[in-house]
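Here are my notes on this one, in the order I'd go through them with the model open.

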Amino acid sequence: MKVIKEKHPFLMRWTHWVNFPILTIMIWSGMLIYWANDEYSITIFGHTFVKFFPDWYYDLLHIPARLAEGMAFHFLFMWFFTLNGIFYILYTIISGEWRRLLPNRHSFKEAWLVILHDLHIRKMAPPQDKYNAAQRIAYTSIIVMGFGSVITGLAIYKPVQFYYLTWLCGGYHLARIWHFALTIGYVLFFVIHIVQVILAGWNNFRSVISGFEVINEQPIPVIETPNEDEKA
Amino acid sequence: MKKLKKELTVDQKIKRRNFLSFTVFGALGASAYGGWRWLYTSPEETAGITAGAHKPLRRALNKTEIFFRRLTFNENHLVKTYPRSMAAKVIRHNSDIGSEGKMPPENWKLHVMKISGEVLQITLEEIMKLPKTGITYDFKCVEGWDQISHWEGVRFIDFINHYNLQAEATLQYVGMETPDKQYYVGLYMPSALHPQTLLAYQMNDELLNGNHGQPLRLIIPVKYGIKNLKRIGTITFSNSRPKDYWAEQGYDYYSGL
């Protein structure tokens, strides 16, 4: 029998979908800024594996020579990014959703099992609950990363007035590197996230828009037993 | 007559809720896209003291400036300084708009416009007689690079006091221009009076050369490099924003750190 099962509360869906375009704009305008001093690469033992970013990439996205414009967009949308993040965190705290989101003491061991299961190495799936252990870690990390972006961002935006944040990030130069690395982290998260959403299928995807999942329940005969909860 | 409401079947409920949420989702998505197109294609601001930015974005920059300036700017917040030995020997040269070539000190005078209309003309020799202050700090360019460098000169606040410009210092802004008026900056007074702001004539152990604003330049560590004008010709004081080279190219007027 088909049953509607509530999954994602409205505010979860709201903050998720508001964040998506805002983060996209932040990453894009961040690239407009980064272009003006694009010094980062992944170089190991003198061999450069990745250069951020190659010329064809800049040209494709019309990045070059738009520093002022990039800053103007970045310093407007930083407000929305931060406020939406604060709103989400407050919501998870007040609603108690954090209990289903934060990793617990089993999560790190279980997350490993989730990965093995997803890679079809292990047959049995670890407990799912609303979020499985790997999801708990991923969805908590992404919030920590968002917080990190705000802190490292402020550290390079006002390094004199927020000198303690700059100090915390290991100095101005390092703060800029962190800020960049976190952005690369979002992109990696996004790729895995999309693959997982596609694999999880329609029912799961729809729940992030409509809030519910449809599950098939075997009708179980109800056995009347005195229940402690019912007395309360 | 009242119509009896029939209990919806599960399938009907699913259909109904899907329809509703996807419609709302689509509508919000479309209006978000519309809002973005509106912003992205919004007209440029009318050129004035600032220019070159989208109108709504300039408004946002100005509001954000006021927020951070009022909330965070404090003259006791000092720029981090480094041991002199960490200063770069070769100092990066990015631009010489308004300060091309050489300007020997004997051909140069600093012009200070007082409120009274009087113009002070000051030679480098006179400036070098004032108390000397040095600073080794991380110079930060708006492009994103930074370099630890060492500068020496007279603190702007000492300069103000020595030449009795206290009345001028009560105005809101300082303007500085190169002698050929090709490059100019506007500074919010508290940043100019910040204890680490220097009128510098020396870089490492040498007097400034052609590339770095010979003979006198501004070193204002609480601002991006774009505000650190090379080769000061004229200093003015006002209550309205003085013109600013990069603010006319779409950059934030304040550009404070």
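Predicted model: local features only at pLDDT ≥ 70, side-chain atom pairs only at ≥ 80, totals over all residues.

How many residues of chain A are in contact with chain B, and how many of chain B with chain A?

1. The A/B contact. The count is 30 residues from chain A against 36 from chain B. On the chain A side, β1 (2–6), α1 (10–34), α3, α8, α9 (202–210) and β4 (212–216) each put in at least two residues. Helix α3(A) gives the most, with eight residues. By residue class, the side of chain A that touches chain B splits into 21 nonpolar, five polar and four charged.

2. The largest nonpolar core. This core has 64 residues, and the members touching the most others are A:A72, B:M176, B:L198, B:L199, B:L218 and B:I232. Its largest share, nine residues, comes from helix α3 (residues 67–95) of chain A. Have a look at A:A72 in particular: setting aside neighbours within four places in sequence, A:A72 is in contact with B:A53, B:H54, B:L57, B:L61 and B:G250. There is also a second, separate core of seven residues, with A:L154, A:I156, A:C169 and A:A175 among them.

3. Chain A overall. You'll find 10 helices and four strands here, running β-α-β-β-α-α-α-α-α-α-α-α-β-α along the sequence. The radius of gyration of chain A is 22 Å, while the globule rule gives 17 Å for 232 residues, so chain A is more spread out than a compact globule. Along the principal axes, its C-alpha atoms fill a box of roughly 70 × 40 × 30 Å. As for burial, 22% of the 232 residues count as buried. Among contacts in chain A with a separation of 6 or more, 65% are between residues 24 or more positions apart.

4. Helix α1 of chain A. This helix has 25 residues and reaches 36 Å from first C-alpha to last, close to the 36 Å expected at 1.5 Å a residue. Its buried residues are A:I22, A:L23, A:M26, A:S29, A:G30, A:M31, A:L32, A:I33 and A:Y34. What do the buried residues of α1(A) pack against? They pack against α3 and α8 of chain A, and both of those helices also supply residues to the side that touches chain B.

5. Helix α6 of chain A. Residues 133–157 form this helix; it has 25 residues and reaches 36 Å end to end by C-alpha, close to the 36 Å expected at 1.5 Å a residue. The buried set of α6(A) includes A:A133, A:A134, A:R136, A:G146 and A:S149, along with A:T152, A:G153, A:L154, A:A155, A:I156 and A:Y157. Two of these, A:L154 and A:I156, also belong to the second core. The cover over the buried residues of α6(A) includes α3, α4 (98–101), α5 (107–118), α7 (163–168) and α8 (172–200) of chain A.

6. Chain B overall. Here the tally is five helices and 10 strands. Buried residues make up 34% of the chain's 257. Residues 24 or more positions apart account for 67% of the chain B contacts with a separation of 6 or more.

How values were computed: Residues numbered from 1 in each chain as written. Chains lettered and ligands numbered in written order. Rg over C-alpha atoms; globule rule 2.2 N^0.38 Å. Buried ≥ 20, exposed ≤ 12 C-beta atoms within 10 Å, placed from the backbone. Contact = placed C-beta atoms within 7 Å. Core = buried A, V, L, I, M, F, W, Y, C linked by C-beta atoms within 7 Å. Expected span 1.5 Å × (residues − 1). Nonpolar A, V, L, I, M, F, W, Y, C, P; charged D, E, K, R; others polar.
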